[in-house]
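I opened a new page for this protein and wrote down what I looked up, entry by entry.

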Amino acid sequence: MKAPRHIARRQRGVAVLLIMLGIILATATVLLANVGRDDLRTRRLENTRAALAEAKQALINYAVINPDANPGQSINLPCPDLDGGGGFSEGEAHTSNCGATGESMLGRLPWRTLGVPALKDAAATCLWYVVSGSYKSAAGQSASMLNADTNGQLQLMSLDTASVVEGLLPEDRPVAMVVAPMRALPAQTRPAAAGT
């Protein structure tokens, strides 16, 4: 026995409504998933900014407090943690292996020396740190007396344009930089021991 025509028409309308409801639900799911991902990315970037700010403040505190704790020394910044070894604990400044006098050094932030927790970026990678050779505090080679007119030695270059982004003029050159390296790119190696 066949269903009357008016019942068959109603059922076709229900099928169209179910298909439309499925499309709306799928679209809403995709949109909500993207919003959640953007929120997570934003939170991670905010955490990275906070870690960078904490590292900067720790370096300023070190430069201000260290001369008071060690009278007769000029303002110095710690050497980086070059490899997490070499007789030094992880996060400790490598004072006896910090390059030649005047040589700027790059490595991981010496968080233990600075008295802060291990600071990491959004990719859970330890922050990196570069210090001008004229400002580093290394065993037997403390920096010369520094004052407000002493220039840093660092320049920040753009990879895209090869132009100087920071430190074009000697008086504008930073004495130290803290870097959030984020996750390594494919085939990228990141050895910490590197004189610059």
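**Salt bridge**

I looked for charged pairs and found Glu46 in a salt bridge with Arg49, with the closest N and O atoms 2.6 Å apart. The model is a predicted one. My search of the whole structure gave one salt bridge. Glu46 and Arg49 both sit in helix H1, three residues apart, so about one helical turn separates them. I also looked up the cover on Glu46: its relative accessibility is 42%, so Glu46 counts as partly exposed.

**Confidence**

How far does the predictor trust the protein chain on average? I noted a mean pLDDT of 78, and 74% of the residues score at least 70. I then looked for the two ends of the range. Confidence is highest in helix H2 (residues 111-114), at 91, and lowest in strand E8 (residues 194-195), at a mean of 42.

**Disulfide**

I searched the whole structure for disulfides and got one. Cys79 is joined to Cys98, with an S to S distance of 1.9 Å. The two cysteines are 19 residues apart, and the pair links distant parts of the chain. I placed both Cys79 and Cys98 in the loop between strand E1 (77-78) and strand E2 (102-108).

Which hand does the disulfide have? The torsion about the S-S bond of Cys79 and Cys98 is about -110 degrees, so I wrote down left-handed.

**Surface patch**

Which residues make the nonpolar surface patch of about 390 Å²? I listed Val14, Leu18, Leu21 and Leu25. I traced Val14 to helix H1, which covers residues 5-69. Val14 has 47% relative accessibility, so I put it down as partly exposed.

Where is Ala118 placed? I found Ala118 in the loop between H2 and strand E3 (128-133). Its relative accessible area is 33%, which lies between the limits of 20% and 50%, so Ala118 is partly exposed. Last, I took the C-alpha separation of Ala118 and Ala55: the value is 9.7 Å, and the two residues are 63 residues apart along the chain.

Note on methods: Residues are numbered from 1 along each chain as its sequence is written. This is a predicted model: local features need pLDDT of at least 70, side-chain atom pairs count only at pLDDT 80 or more; totals for chains, interfaces and linings use all residues. Side-chain values use heavy atoms; hydrogens and water are left out. pLDDT is the predictor's confidence in each residue, from 0 to 100. Helices (H or I, at least four residues) and strands (E, at least two) are DSSP runs, numbered from the N terminus. Patches are made of residues with over 30% relative accessible area and no salt bridge: like charges are joined within 9 Å, nonpolar side chains (Val, Leu, Ile, Met, Phe, Trp, Tyr) within 5 Å. Accessible areas come from the Shrake-Rupley method with a 1.4 Å probe; for residues, only the protein chains shown count as cover. A salt bridge is a side-chain nitrogen of Lys or Arg within 4 Å of a carboxyl oxygen of Asp or Glu. Buried means under 20% relative accessible area, exposed over 50%, partly exposed in between (1.4 Å probe, protein chains only). A disulfide is a pair of cysteine sulfur atoms within 2.5 Å.
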